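I opened this structure to take a few notes for myself. I wanted to look up one part at a time and write down what I found.

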Amino acid sequence: MIHHTSFGVREPKRVAQVIAELTQAIAVRAPTPPFPCDAWLVVAGDERGSFLEILPATAVFDPGAPLGIRQRSATSEPVSAHVLISAAVSGEAIRAAAGREGWRAEDLDTG
């Protein structure tokens, strides 16, 4: 089980709020420092302290940078992040939220 993951998006606040809605978690602004400006957390509120760290798409993990994160130029290129989380709402609610946000959603049979 993964209790924490970080990934970058173009609109961290918006993405964090929608994920919190779908997982019945809480979206909170991450403190700066140590998190980059405009980072958000989706906090599960479970006994393990699980949360998702939603960073600006311009944030890059770099062990040589102060606090381990540096900024890169803005880009619209896709990134190599994939996260599987459990939703606390129905598939219909997920599709409705995706439609409202202009995001792609599809049902897949992964066996």
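The entries below go from a helix to a strand and then to a pocket.

**Entry 1: helix α1.** I kept in mind that this is a predicted model. I looked up α1 and found that it covers residues 12-23, twelve in number. From first C-alpha to last, α1 reaches 16 Å, close to the 16 Å expected at 1.5 Å a residue. I then checked what follows α1: glutamine 24, with a positive phi near 55°.

**Entry 2: the buried side of α1.** Which residues of α1 are buried? I listed Pro12, Val15, Ala16, Val18, Ile19, Ala20, Leu22 and Thr23. I noted as background that residues three or four places apart in an α-helix point the same way, because there are 3.6 residues a turn. The buried residues of α1 pack against the strands β1 (4-9), β2 (26-29), β3 (40-43) and β4 (51-56), and against α2 (91-101).

**Entry 3: strand β1.** I followed the side chains along β1 and saw that they alternate. β1 runs parallel to β4, and six bridges join the two. Opposite phenylalanine 7 I found isoleucine 54 of β4.

**Entry 4: the largest pocket.** I looked up its volume, which is about 1700 Å³. The largest pocket is lined by 38 residues, of which His82, Val83, Trp103, Arg104 and Ala105 are the closest to its centre. Which element gives the largest share of the lining? I found α1, with six residues. β1, α1 and α2 each supply at least two. By class, I recorded 21 nonpolar, eight polar and nine charged residues in the lining.

How values were computed:
Residues are numbered from 1 along each chain as its sequence is written. This is a predicted model: local features need pLDDT of at least 70, side-chain atom pairs count only at pLDDT 80 or more; totals for chains, interfaces and linings use all residues. Side-chain values use heavy atoms; hydrogens and water are left out. Helices (H or I, at least four residues) and strands (E, at least two) are DSSP runs, numbered from the N terminus. The expected span of a helix is 1.5 Å times one less than its number of residues. Buried means under 20% relative accessible area, exposed over 50%, partly exposed in between (1.4 Å probe, protein chains only). Contact means heavy atoms within 4.5 Å. Two strands pair if DSSP finds at least two bridges between them. On a 1 Å grid over the protein atoms alone, a cavity is a set of points where a 1.4 Å probe fits but cannot get out, and a pocket is an open set with protein on both sides within 12 Å along at least five of seven lines; lining residues have an atom within 4 Å of a point. Grid points are joined across faces, edges and corners, and a volume is the space filled by probe spheres set on the points. Ala, Val, Leu, Ile, Met, Phe, Trp, Tyr, Cys and Pro count as nonpolar, Asp, Glu, Lys and Arg as charged, and the others, Gly among them, as polar.
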